[in-house]
Structure formats: structure tokens, C-alpha cells
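Look at the sequence and the structure before reading on.

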Amino acid sequence: METPHTKRSSFDLVIFDCDGVLVDSELISCRAHARTLTRHGYAITEDQVLERFLGVSDREARATIEAEIGQTLPDDFEAQIKSTILNAYGRDLRAIPFVAEAIAAIDLAKCVASSGTPEKIRHGLECAGLHDLLAPNLFSATQVARGKPAPDLFLFAAEQMHVPPARCVVIEDSVPGITGALAAGMHVLGFHGGSHCRPGYADKLRAAGAQITFDDMRQLPALIADGGQRA
């Protein structure tokens, strides 16, 4: 049955980023990365991790750091970070306010396209009470050759969901994510309601190419119904 929020939609698929869009996890993740990197001799703060690597897969971030320091990080580096994050999720992770209600109000196909690992995506959504709303359509950067800002993950998600890229709308909170979605030929809405978003963050998302920015998930169903255009 069509709802008032979706009957006029220009889209067939809504692709959600996970961290910072569905779950308020970015600060948890940045804290874990900063502490682990500093412990291994790459001194970096939570804010610096947020600024430099938000939306970037662990694989791409690791390659950048190893190129800078001229040596490889320990083989179990990702496992150390993953363990720290997953433990923190159980204590501290919360869903983005009103996102469950927004998901339920959008009568379109939905999926997740995240830079996180499959285990991290699943565990985060479970801790936030969102897993059953979106499973099994959970796609990870580990499933493609290149993570965000490349378009590979978004194109892979659209292919798996059998929807042309032009009929997809992506909900992102990061510049790499917006860049990748645009490169995939998709419409992009920039969300800046996570706890990691500082003043002026919406401007950064718009500068990256987000057609619309918003900070309250209660706005999302109407934005999608309007084709991602402001009234």
C-alpha cells in the first residue's frame, strides 16, 4: 500500500550508509582508531581521525597511514580495532534518533552500503535495534575492489537490489560517501544529525555535492517523497 510519504517518489531504492546515518557510532569508531593508532606509534587524535578518515574504509585508511609512516602496521591491526569497537558498541551505541520510524515510513526497497566490515555492520544494527528492519540487504566495502569515495560499493548495492543507479537515493554523512554516490550516478541526501557533526558540517556536505542536507530523520520520508528536492 502506498503511503502519503512515498506515492510521489522518484526513487525505487533507498541506500543508507550505516555509521553516522543509522547508528550514532562515528565518535566510538574514531576513539578506537585514535587509541589503537597512537599505541602503534602513529599519534593522532579522535578529531583528526574524524576529519581525515570519516567514511573511508579501514582498508583505505590503513594504506594511507602505512604510506605516510613507511612501514606496515601489525597483521592483527584491524582485529584490534574491531574488538575495541564491538565491545564499545554493546555499552554505548544508540540508533540515530527517529531513524527506525523513518525507515518504517518509507515504502520503498532499502539497503545498507557501509565502509564497515559485515560483522561490524550487523553488530551495530543489532545493538541499535535496527537489524531486522534492513537485513538481509547489508553490503560492505569488503565486497568490492574499492571502497568509498569510489562508486563501486553503491553500484554493487544497486546491482544486488536490481535497481538502476539513477533510481537510487543515497543517505550519507561523509564527503567520501557523497563523492562515491555521485560518481555512481545516484541522488544524494546529506545527513548531519549525528553526534560527530560539528557546526558548519552541513556546508561541507553541500560543498561535496549533496543535493539536500538535513539533521532530523523525521524529515527523511517527505524529502524522498519529493524526489530529494526542497519544497
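Axes are lines fitted to C-alpha atoms, for helices over the stretch in contact, and angles run from 0 to 180 degrees between N-to-C directions. Helices (H or I, at least four residues) and strands (E, at least two) are DSSP runs, numbered from the N terminus. Two packed helices are described by the angle between their axes and the distance between the axes.

This is a predicted model, in which local features need pLDDT of at least 70 and side-chain atom pairs count only at pLDDT 80 or more, while totals for chains, interfaces and linings use all residues. Residues are numbered from 1 along each chain as its sequence is written, and side-chain values use heavy atoms, with hydrogens and water left out.

The pLDDT is the predictor's confidence in each residue, from 0 to 100. Its mean over the protein chain is 91, and 94% of the residues reach 70 or more. Over residues 1-7 the pLDDT is below 50, and this stretch has 13 contacts in the model beyond near neighbours in sequence. Contact means heavy atoms within 4.5 Å.

| Helix pair | Axis distance | Angle |
|---|---|---|
| α1 (residues 26-39) and α2 (residues 46-53) | within 8 Å | roughly 110° |
| α4 (residues 77-92) and α6 (residues 118-127) | within 9 Å | roughly 10° |
| α9 (residues 175-183) and α10 (residues 201-208) | 9 Å | about 25° |

Angles under 35 degrees count as roughly parallel, over 145 as roughly antiparallel, 65 to 115 as roughly perpendicular and the rest as oblique. α1 and α2 are therefore roughly perpendicular to each other. Their contact is made by C30, R31, H33 and A34 of α1 with E46, V49 and L50 of α2. These residues divide into four nonpolar, one polar and two charged. Here Ala, Val, Leu, Ile, Met, Phe, Trp, Tyr, Cys and Pro count as nonpolar, Asp, Glu, Lys and Arg as charged, and the others, Gly among them, as polar.

H33 of α1 has 10% relative accessibility and so counts as buried (under 20% relative accessible area; exposed is over 50%, partly exposed in between, with a 1.4 Å probe and protein chains only). Not counting residues up to four places away in sequence, H33 touches V49, D58, I81 and I85.

The angle between α4 and α6 is roughly 10°, which makes α4 roughly parallel to α6.

α9 and α10 are also roughly parallel to each other. In this pair V175, I178 and L182 of α9 meet K204, L205 and A208 of α10. The contact residues are five nonpolar, no polar and one charged.
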